Amino acid sequence: GLNGSYLSKLFVKETGSSLKTFILKAKISTAENMLRYSELSSLKISLALGFSSQSAFVATFHRLNGVTPREYKKLHYQNGLF
């Protein structure tokens, strides 16, 4: 029942981060786990996490991690380790 603008201000005050940034980082963290523990492609991960396109996902992932999802998977993929 909170006004969206008021909620955003409260969130920044409490966390020091915008709600949008928090959600984006949570999506990328989820993507990291999906890349590490599944065989899903970047396209399927981007769709599952609600990115507007695969290229938007790849660009965001690269901006936050310094590597593309493909490079991340090559470095961290753990086949069968759950």
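Mentor: Begin with a definition: helices are DSSP runs of H or I with at least four residues, strands are runs of E with at least two, and both are numbered from the N terminus. Keep in mind that this is a predicted model.

Trainee: How many helices and how many strands does the chain have?

Mentor: Read the elements from the N terminus on, and they run α-α-α-α-α. The count for the chain is therefore five helices and zero strands, by the DSSP definition.

Trainee: What is the radius of gyration of the chain, and what does the globule rule give for 82 residues?

Mentor: The C-alpha trace spans about 45 × 25 × 25 Å along its principal axes. For 82 residues the globule rule gives 12 Å, and the chain is well over that value, so it is more spread out than a compact globule. The radius of gyration is 15 Å.

Trainee: Which percentage of the residues in the chain is buried?

Mentor: The chain exposes about 5,800 Å², and carbon and sulfur atoms supply 57% of that area. A residue is buried when its relative accessible area is under 20%. Of the 82 residues in the chain, the buried ones make up 24%.

Trainee: How far apart do the centres of the positive and negative side chains lie?

Mentor: Lys and Arg count as positive, Asp and Glu as negative. The chain has 11 side chains of the positive kind and 4 of the negative kind. The centres of these two sets lie apart by 7 Å.

Trainee: Why does Phe-11 count as buried?

Mentor: Phe-11 lies in helix H1, residues 4-15. Neighbours within four places in sequence aside, Phe-11 is in contact with Gly-16, Ser-17, Ser-18, Leu-19 and Phe-22. The cut-off for buried is under 20% relative accessible area. Phe-11 counts as buried because its relative accessibility is 18%.

Trainee: Is Ser-46 buried or exposed?

Mentor: Ser-46 has its place in helix H3, residues 42-48. Residues up to four places away in sequence not counted, Ser-46 touches Phe-51, Ser-53, Gln-54 and Phe-57. Its relative accessible area is 1%, so Ser-46 is buried.

Trainee: And Gly-50, is that residue buried or exposed?

Mentor: Gly-50 is found in the loop between H3 and helix H4 (54-65). The C-alpha atoms of Gly-50 and Phe-22 are separated by 15 Å, the two residues being 28 apart along the chain. The cut-off for exposed is over 50%. At 51% relative accessibility, Gly-50 counts as exposed.

Trainee: Which residues is Lys-73 in contact with, leaving aside neighbours within four places in sequence?

Mentor: Lys-73 sits in helix H5, residues 69-76, and with a relative accessible area of 21% it is partly exposed. The C-alpha atoms of Lys-73 and Ala-48, 25 residues apart along the chain, have a separation of 17 Å. Those sequence neighbours aside, the contacts of Lys-73 are Met-34, Leu-35, Ser-38, Glu-39 and Leu-40.

Conventions. Residues numbered from 1 in each chain as written. Predicted model: local features only at pLDDT ≥ 70, side-chain atom pairs only at ≥ 80, totals over all residues. Heavy atoms only, no water. Rg over C-alpha atoms; globule rule 2.2 N^0.38 Å. Buried < 20%, exposed > 50% of the residue type's maximum accessible area, 1.4 Å probe, protein only. Areas by Shrake-Rupley, 256 points an atom, 1.4 Å probe, with all protein chains shown as cover. Charge placed at Lys NZ, Arg CZ, Asp CG, Glu CD. Contact = heavy atoms within 4.5 Å.
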